Amino acid sequence: MIEFRNVSKTYSTGTEAVHCANFKINKGDFAFLVGASGSGKSTLIKLILKEEEPTSGNIIINGKDTTFLKKSRVPYLRRSMGVVFQDFRLLPDKTVYENVAFAMYIVRATPRHIRRQVPMVLSLVGLSGKAKMYPNELSGGEQQRVALARALVNNPSMLIADEPTGNLDPETAWDIMTLLDDINKRGTTVVVATHAKDIVDKMKKRVIQIDKGIIIRDSEKGGYNSEV
Amino acid sequence: MKFNIVGYLIGEGFKNTFKNKKSTFSAMLVMCISMLIFGLFFIIGENINHIMQTVENAQAMQVFINLDATDEDIQKLEEELKTIEGISKIEFLSKEDGFADYKEKYGDRSYLIDSYEEFIPDSYIINFTDLKLSGQVLEQVKKLDNVKEITSANEVMDKLVKVTNGIRMVTLLILAGLVIGAIFIIANTIKLTVYARRKEISIMKYVGATNSFIRWPFIVEGMLIGIISACISILIVGGLYRLATNGLLSSATIQNLGITFVSFADMFNMIIIVYLILGIGIGVLGSSMSMRKYLEV
Ligand SMILES: Nc1ncnc2c1ncn2[C@@H]1O[C@H](COP(=O)(O)OP(=O)(O)OP(=O)(O)O)[C@@H](O)[C@H]1O
Ligand SMILES: [Mg+2]
């Protein structure tokens, strides 16, 4: 599903954010990406999203090498992945329903499909009653659920999250991570970059640890710092 | 929220246009000023052209006689000319005098036409009693025997031709300058909208929106500014033109000269087409320019 082969990334500033990364995340996997601040987690995620190009190496997504993917094809690649960020990135002047429907619009879904699909994902993330509210009327956890609904509404085969719980208190963070686990159990591949040590230790999922751009550990059912 | 793609894209474009009232207004202002200046020069050019045609037919004309016409033929022609209503004066210009006139016109370079002497025919110079009758006189003179060619004998014409050509050049230059200026101003206006909506654009990119999908609302915005400016400008130009010509036509001098103006309806098509092409073209170009940076996510 996602495979990195000897991928390195040096920014134009000269910083080598990723050095010779090799890993493979299979369909249906749940993987944590952990590491200190500045270790290169976000860079890995940007590489997956093809927001940044690798300096060398190959990234294979859904069996296709994206190295030579035309720029005009990138939007279609992105439709196979849902993305959430630490800062939610909702549109403040649109309701919960509209924020989610917006993502379907963009991929030109039919009105009928949108009317059926949006309430379904909203109930999946537990926001059925809040469709008409605006983002500023919601708690942080609820806002992240909207972002998740938006990421999932087009049925992507994978969900990529960069510190999805970074702005949330531990309890809400745990709720969101459990939701991600549920989503994964329904068949979606999930990749989460995070600093949430407690949650990673508790969930016993695959952990890919990166340090100064180098992948130093990749363990099944690992903890944040070491094997459990 | 309506879920119709075309409706959505156009609706967003409209929303953008009216959200940034200040910059939209200033862009429209510049567009309108550009269009008005263009309109002014265009209209002046058209009218000089029109007046020239009237004057050309009006003041006087030179009727060249076939080279092989006999003296009797020439005499007969003069008699016939005299019978035509609307001619005040008929003056014979022999080929020798006519040639001398040409030599004078060419001044230093008169030797250039030396070899053409034998091709210069005799002619009659005709003045009109009433300028308005010139057209009809022309028609009658054309039908007479031994008339080779009729041209204006008015030297003012040459100058007017030069002036009109000059005005056309200036119009084109102004147009070019204004187009470039207006493109940059529109680009700047839309850049503000794009900037205000950069978050939305980046979300769209993450969800997998194609660049063209993202671009459309902004292009609609640019086009809208152009179209609205075109409509405002044509109204202003039309109104002012009517006022100005009505004022001028009521003046005695203009009436005595028999000058008429081109009716605005005759120029309307040309002006509105130029305005719309300008407006839409500038809008689309400007918005495309302003988008480039933000599509790189
Ligand atoms: N656009 C960029 N241009 C230049 N250097 C960058 C850019 N983005 C990141 N970097 C550098 O690359 C390195 C890795 O950054 P990255 O954002 O991937 O770290 P991170 O693991 O996500 O950190 P955090 O946990 O704080 O989010 C850092 O040294 C950072 O300064
Ligand atoms: Mg990061």
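Predicted model: local features only at pLDDT ≥ 70, side-chain atom pairs only at ≥ 80, totals over all residues.

Biologist: Which residues touch the most other members of the largest nonpolar core?

Modeller: They are Phe32(A), Leu148(A) and Ile271(B), in a core of 89 residues. Helix H10 of chain B, residues 264–291, supplies the largest share of this core, with 9 residues.

Biologist: And what does Leu148(A) touch?

Modeller: Leaving aside residues up to four places away in sequence, Leu148(A) touches Val84(A), Val125(A), Leu159(A), Ile176(A), Leu179(A), Leu180(A) and Ile183(A). There is also a second, separate core of 28 residues, and Phe23(A), Leu44(A), Leu77(A) and Ala193(A) are among them.

Biologist: On to the sheet, then. What is the order of its 6 strands?

Modeller: In chain A the order is E6-E7-E8-E3-E9-E10; the sheet is open and its pairing is mixed.

Biologist: Why is one side of E6 and of E10 left without a neighbour?

Modeller: Strand E6 (81–85) and strand E10 (214–219) of chain A are at the edges and each has a single partner strand, so one side of each has no neighbour in the sheet.

Biologist: In which sense do E3 and E8 of chain A pair?

Modeller: Strand E3 (residues 30–34) and strand E8 (residues 189–193) of chain A are parallel, with 4 bridges. Across this pair, Leu33(A) is opposite Ala193(A) in E8(A).

Biologist: Which strands does helix H6 of chain A lie across?

Modeller: Helix H6 (residues 170–185) of chain A lies across E3, E7 and E8 of chain A, and runs at about 155° to E8(A).

How values were computed. Residues numbered from 1 in each chain as written. Chains lettered and ligands numbered in written order. Heavy atoms only, no water. Core = buried A, V, L, I, M, F, W, Y, C linked by side-chain atoms within 4.5 Å. Buried < 20%, exposed > 50% of the residue type's maximum accessible area, 1.4 Å probe, protein only. Helix = DSSP H or I, 4+ residues; strand = E, 2+ residues; numbered from the N terminus. Contact = heavy atoms within 4.5 Å. Pairing = 2+ DSSP bridges. Axes fitted to C-alpha atoms, helices over the stretch in contact; angles between N-to-C directions.
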